[in-house]
Amino acid sequence: LGIFLVRTGENADMKKLMAALNRGVNVSALLIALFTFVIFYLLGFESWLGLSFSVISGLLAGIIIGQGTEYFTSHSFSPTRKIAESGKTGPATVIISGMGTGMISTFIPVITIALAILFSYLCATGFDVQQMMSGENLSMGLYGIGIAAVGMLSTLGITLATDAYGPIVRIGKRSPKTYGRPGCSWKHYCRHGERICDRFRSADGTGFVGLLYRRD
């Protein structure tokens, strides 16, 4: 459903194009969160509410990691701009600055995943801290962690779709018939396709589709 919300006008600028792709991802995440409660309730789980929040904790963790990655890898934010600025003094400073920024960027996913594991475990066990390591709670808590991982990957369909946008644009850009046709909308999308593809591959997409098309 989120894919059908990704649309813009012919004269959309970079901001509107990014807003359309973000809208599809965000709406998909919201629908997953809502249907999680319904599905667990219909399945008849006794702790359906806690398990639903376990899934949502994984879903939120995936969104936070994606946004953090976008911040540290997108040309629109300061980390990559500082790396580019360091190139004025030579390649060595670029390497040092890039490695330092990369190391700093890991704290967001590490802390987020650690908190998501803890929160999903507690949600699945009903926040029974006193008996959290008992046999029943341990089994339920591990199930909560596993289902949180499913929640983290639940938006993979829409994120892979955004990842495929860049290769599709590149193919259209190299097509003389399409690119040379007067008034063809591909001309507009090709102006922004490279930047959008790079941004989403680093942030939300997995890069699988990009790797497949990179062979040509």
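Helices (H or I, at least four residues) and strands (E, at least two) are taken as DSSP runs and numbered from the N terminus. The model described here is predicted, so local features need pLDDT of at least 70 and side-chain atom pairs count only at pLDDT 80 or more, while totals for chains, interfaces and linings use all residues. Residues are numbered from 1 along each chain as its sequence is written, and side-chain values use heavy atoms, with hydrogens and water left out.

The secondary structure of the protein chain consists of 11 helices and zero strands. From the N terminus on, the order of elements is α-α-α-α-α-α-α-α-α-α-α. The chain has 216 residues, of which 38% count as buried; buried means under 20% relative accessible area, exposed over 50%, and partly exposed in between (1.4 Å probe, protein chains only). Contact means heavy atoms within 4.5 Å. Among contacts between residues at least 6 apart in sequence, 63% join residues at least 24 apart.

The protein chain exposes about 12,800 Å², and carbon and sulfur atoms supply 69% of this area. Accessible areas come from the Shrake-Rupley method with a 1.4 Å probe; for residues, only the protein chains shown count as cover. A nonpolar surface patch of about 870 Å² is formed by Leu 30, Leu 34, Phe 35, Val 38, Ile 39, Tyr 41, Leu 42 and Leu 43. Patches are made of residues with over 30% relative accessible area and no salt bridge, with like charges joined within 9 Å and nonpolar side chains (Val, Leu, Ile, Met, Phe, Trp, Tyr) within 5 Å. Leu 42 belongs to helix H1 (residues 14–43) and is exposed, at 65% relative accessibility.

In helix H3 (residues 78–86), Pro 79, Thr 80, Ile 83 and Ser 86 are buried. They lie on the same side of H3, because they cover an arc of only 115 degrees around the axis; the arc is that of the directions from the helix axis to the C-beta atoms. These buried residues pack against helix H2 (48–73) and helix H4 (91–105). Arg 81 and Ala 84 are exposed on the face of H3 turned away from its buried side.

One salt bridge is found in a search of the whole structure. A salt bridge is a side-chain nitrogen of Lys or Arg within 4 Å of a carboxyl oxygen of Asp or Glu. The side chains of Lys 88 and Glu 85 form this contact, at 3.0 Å from N to O. Lys 88 is exposed, with a relative accessible area of 66%, whereas Glu 85 is partly exposed at 47%.

Phe 127 is placed in the loop between helix H5 (107–124) and H6. Its phi is positive, at about 55 degrees, although Phe 127 is not a glycine. Most residues other than glycine have a negative phi. Phe 127 is partly exposed, with 45% relative accessibility.

Helix H6 (residues 135–152) has 18 residues, which at 1.5 Å a residue should span 26 Å; the end C-alpha atoms are 26 Å apart, in agreement with this value. The expected span is 1.5 Å times one less than the number of residues in the helix. The buried residues of H6 are Asn 137, Gly 141, Gly 144, Ile 147, Ala 148 and Gly 151. Their arc around the axis is only 125 degrees, which puts them on the same side of H6. Gly 135, Leu 142 and Val 150 are exposed on the face turned away from the buried side of H6. Gly 146 is also in helix H6 and is partly exposed, with a relative accessible area of 36%. The C-alpha atoms of Gly 146 and Ile 117 are 9.1 Å apart in space, and the two residues are 29 apart in sequence.
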